[in-house]
Amino acid sequence: MRGNNLTILIVAVLIAVIGVMSIYSSNYQKEGLLWQTIFQRQILWIGLGLLLFFYMSNFNYRRLWDITYIVYGVITFLLFLVFVLGIVRLGAQRWLRLGWFNLQPSEVAKLIMVIFLARYFSSKSSSEVSLPVSRYGIFRGLILPFIFIAFPVGLIIEQPDLGSGLLVMFMFIIMVFLSGVRLRYLVILTVFVGLCFPVVWNYLRDYQKDRLLVFLNPNVDPLGAGYTVIQSKIAIGSGQLFGKGWLLGTQSQLHFLPESHTDFIFATFAEEWGFVGCVILLALYYILIRQGIKIASKTGDYFGKLLACGISLMLGIQVFINICMNMGLAPVVGVPLPLMSYGGSSIMTTFVALGILVNINKKRAVF
Amino acid sequence: MRVHIIGSVIIVAFSILFLSIFNLQVIKGDNYKDQSDKNCIRLLPQAGARGNILDRNGNIIVGNYLSYDVMIMPQDKKVIDKTLEKVGEVLGINIAEIKSRFKKGYLAPFIPVMVASNVDSKKAVVLGELKTDYSSIIIQAHPLRYYPYGKLACHVVGYLNEIDHWRLTKLEDYGYKTKDIVGFGGVEEKYDYYLREDEGALSIEVDHRGRFIRILGFKPPKDGKDIQLTLDLEIQKIAEDAIGDRKASVVIMDPFSGEILAMASNPGFNPAIFINKKNNSIAALDNSALINRSISAGFAPGSIFKLVGASAGLETNKINLATTYTCTGSMRVGNRDFKCWDTHGDENLAQAIAHSCDVYFYRTGLLLGPQAIHDYAQKFSLGKVTGIDLPYEVNGFVPEPLWKRIKLFQNWYNGDTANFVIGQGYTLLTPVQAVRFMAVFANKGDLVTPFIIRNIGGKDMLKSRIKITKVHIKDRVINYLRQDLRGVVNDPTGTANILANLPVSVAGKTGTAEVGRNQTHGWFVGFFPFEKPKYVICVFLESSGSGHSASAVAKQIIGAMSQNNSINLN
């Protein structure tokens, strides 16, 4: 493994290690065995994630092209299963129990939707020289893929996992943009999604509405989501230039910060490592995403190009939304910080995505 | 190529992040550091009241009363020590004890610590007056569950307890948190989401000495919704009194709508013991006290199951009204003698039902075969949940030959059929299934869905709850058997003849099911008044009763109901 690929691996592992340290710090004062083992489990997920990373980096990504629809079918089925189990068990459920592992299909769905869209927009028949996508009419260029995406997105939002649902929708808009479909359609799509929002609003659960309203005024709900945002801002801000030091963050350790090891891991990190730490972390994420974009622009194969670009953006958007959420600049919708937030499904999906990226880079010379 | 545009978009996005973090940590950093050091935001929880549970006439079965908690807002150590001393003095708790409570409960500098809960109102007033001198005392009133009738209808109502891990994983996404108090069992569990109050909070800013500066935000608490049940408290009381200390269950239902009017199960528990956990009464509970025998346990039905065989026989013309068999006290099936409980001589169907003759039904069962009996049991929806709106209802069980082969690796013998048709062997029924089964004869052919919720938060549920399906059995057959059920009481030698001299005409069927050595379940399932039924009743005595003793309990219940002025029998 050389050059770009090695950079990706090293940066990803570095971020993951920072994540484990922050998770350890956020939980080490909490009582109970469950909390104490969380960072160990995160290490396990990262280990498994690295295995998947090496596997995927040697798995010819063109084969993903062939199995796209199968994978799409499987993930939609899993999402549907989550939905059905949610009804049967009288409760919301985002994961499926697979032995000792709780699979969260909505995390995996993010990646699979990117693969699906990359494949959809790069398909051409053997007789064609140029890609037909720029000549697509509104149905093939917009409506048909929208239907394909809307189904899983609906299931994800229903779980309820608003963050992942919106993220996939957002990815869709971006993939449409990247694919080279006429810009006019893109405008139509954006307007349409915008118009949908009031409709979706009615289907949201109360607490989801609360979270969106809280974004506008955190003091509406001082106990719930608003409180989290207020405390998260205090945590980040009080880190100042050099931070309070590892294991010394008061905000995250005194139970002020709910979700301090998942969605609000950034606040935990920022409090303890300060502005200097944040700049380093941002730089690492930037390098990672930059590598992805570089691979995308160098790749000649259109499927690979779209896929690489989609994967990098998927990571980029999650990083952006999550950090904004931590700083009170975006509503608290539950988007994890890739590679840092606790959670097996998210960690492994991210490593698989990076593995695909590396493989695209390896195979570049072939085409 | 549009990929290049993306590259610049990413640079812009990261710049935004960089600048925002710079703004938060470097420019405003001092301010936030200050806030974090003092954390001058205080949160005062504001409790709402959980919804009441009422009976059909609006009487409160489960309500709330105000209880007072004493909390201390963390401050300088000196001030706190003084305050704790004073509080301890008023409450009569020694200073070391109260200090250790404060230490244990301390979470964060801005969250009040509870040092005493459930303080009586006089002491609460005294402490409230101290507040002028000791500003960190907070008296928090919050409603607690109150059970005016003790263990009455305890299984229907359920109890409250701290959320357990299993429920938490299930309910987390609905905003439930660890340490939340949630319903366990019964209406409290099933309708927790409606009953549940929404905790509010007041967030205030204080200065470094803990003195109030201003209100930052307020979220008013919301009370839970009241739930009205279909239960009639008067009937429920009568039923529970009649059971006494026996292990038993009584279900009384409206045969036309499916409204449950009484559902008693014994042994029970007083839900209040889960609120005040100081005593050891939880550990002292009978280990089956938490089970609602009316819906959560299946029992061998005994002779009440014969009605299935009778319906099947008449419907398929294997027997008719004139079919007569001679009961000699036993009958040989395979290589075993199957006994009847008496020697009845020549019996037709009406007599066989009135006397509950086993031999008659052995013969009918063998003519029908097990599959037909199973299929007819299914027509009455036995072996399936009734769909009552309470949690933890079980299926009961109706066997069939294929099941026996697959699950037990055994063939189905004629002996099994003989046991099956008289309700012995593998068959299991819940009392609520039995009552629903009897309702088919009371209302002449409809299978109702039993339910217990009448009204949630002022919204009438009756319409959406009443679900009736037709049983696919000829009216003629139902009507004929209905007449025979009257005979069980009417006939001087009928098994439930002790119910004959009540002021209301009763019809029904008794059952005595053998379970283990010298132990029998007793059943009486019936309806009254016979002409225009208003009530279906099931009395079930577990492991220590017979059809006769169950009928005696039924007699006591119906007798008491007829004497109670507030219950209209006709």
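Student: Hi! How many helices and strands does chain B have?
Tutor: Hello! In this predicted model, the secondary structure of chain B comes to 20 helices and 23 strands.

Student: And what share of chain B is buried?
Tutor: Chain B has 570 residues, and 46% of them count as buried. Looking at contacts in chain B between residues at least 6 apart in sequence, 71% join residues at least 24 apart.

Student: Let's go inside. Which residues touch the most other members of the largest nonpolar core?
Tutor: Those are B:Val250 and B:Met438, in a core of 117 residues. Helix 17 of chain B, residues 431–442, gives the largest share of this core, with 9 residues.

Student: Where does this core lie relative to the domains of chain B?
Tutor: It lies between domain 1 (42–229) and domain 2 (233–267 + 291–563), because both give residues to it. As a general point, nonpolar side chains tend to be buried together in soluble globular proteins.

Student: What does B:Met438 touch?
Tutor: Leaving out residues up to four places away in sequence, B:Met438 touches B:Val525, B:Gly526, B:Phe527, B:Val536 and B:Cys538. There is also a second, separate core of 113 residues, and its members include A:Phe39, A:Ala109, A:Tyr285 and A:Val335.

Student: Which strands does strand 11 of chain B join?
Tutor: One is strand 12 of chain B, which runs antiparallel to strand 11 with 6 bridges joining them. In that pairing, B:Val251 stands opposite B:Met263. Another is strand 23 of chain B, again antiparallel and joined by 6 bridges. There, B:Ala248 stands opposite B:Leu541.

Student: What happens in the hairpin of strand 11 and strand 12 of chain B?
Tutor: That hairpin has 6 residues between the strands, and B:Gly258 takes a positive phi near 95 degrees in it.

Student: Which residues other than glycine have a positive phi?
Tutor: Among them are B:Asn317, with phi near 60 degrees, and B:Ser543, with phi of about 60 degrees. B:Asn317 is in the loop between helix 11 and strand 13 of chain B. The place of B:Ser543 is the loop between strand 23 and helix 20 of chain B.

Student: Why does B:Asn317 count as exposed?
Tutor: B:Asn317 counts as exposed because it has 7 C-beta neighbours inside 10 Å, and the cut-off for exposed is 12 or fewer. B:Ser543 has 16 such neighbours, so B:Ser543 counts as partly exposed.

Student: Where are the cis peptide bonds?
Tutor: One goes from B:Asn266 to B:Pro267, with omega near 0 degrees. B:Pro267 is in the loop between strand 12 and helix 11 of chain B. Another joins B:Phe528 and B:Pro529, with omega about -10 degrees. B:Pro529 is in the loop between strand 22 and strand 23 of chain B.

Student: New topic: how many residues does each chain give to the contact?
Tutor: Chain A gives 45 residues and chain B gives 37. On the chain B side, helix 1, helix 2, helix 7, strand 8 and strand 9 each supply at least two residues. Helix 1 of chain B gives the most, with 16 residues. By class, the side of chain B that touches chain A has 19 nonpolar, 11 polar and 7 charged residues.

Student: What about helix 1 of chain A? Which span should its 25 residues have?
Tutor: At 1.5 Å a residue, helix 1 of chain A (residues 3–27) should span 36 Å, and its end C-alpha atoms are 37 Å apart, which agrees. Its buried residues include A:Ile8, A:Val11, A:Ile15 and A:Ile23.

Student: Last one: where is A:Ser232?
Tutor: A:Ser232 is in helix 10 of chain A, residues 225–238. A:Ser232 counts as buried because it has 30 C-beta neighbours inside 10 Å. Its C-alpha atom is separated by 9.1 Å from that of A:Glu271, 39 residues apart along the chain.

Methods:
Residues are numbered from 1 along each chain as its sequence is written. Chains are lettered from A and ligands numbered from 1 in the order in which they are written. This is a predicted model: local features need pLDDT of at least 70, side-chain atom pairs count only at pLDDT 80 or more; totals for chains, interfaces and linings use all residues. Helices (H or I, at least four residues) and strands (E, at least two) are DSSP runs, numbered from the N terminus. The expected span of a helix is 1.5 Å times one less than its number of residues. A residue is buried if 20 or more other C-beta atoms lie within 10 Å of its own, exposed if 12 or fewer, and partly exposed in between; C-beta atoms are placed from the backbone. Two residues are in contact if their C-beta atoms, placed from the backbone, lie within 7 Å. Ala, Val, Leu, Ile, Met, Phe, Trp, Tyr, Cys and Pro count as nonpolar, Asp, Glu, Lys and Arg as charged, and the others, Gly among them, as polar. A nonpolar core is a set of buried Ala, Val, Leu, Ile, Met, Phe, Trp, Tyr and Cys residues joined through C-beta atoms within 7 Å. Domain bounds come from an automatic or database domain assignment. Two strands pair if DSSP finds at least two bridges between them.
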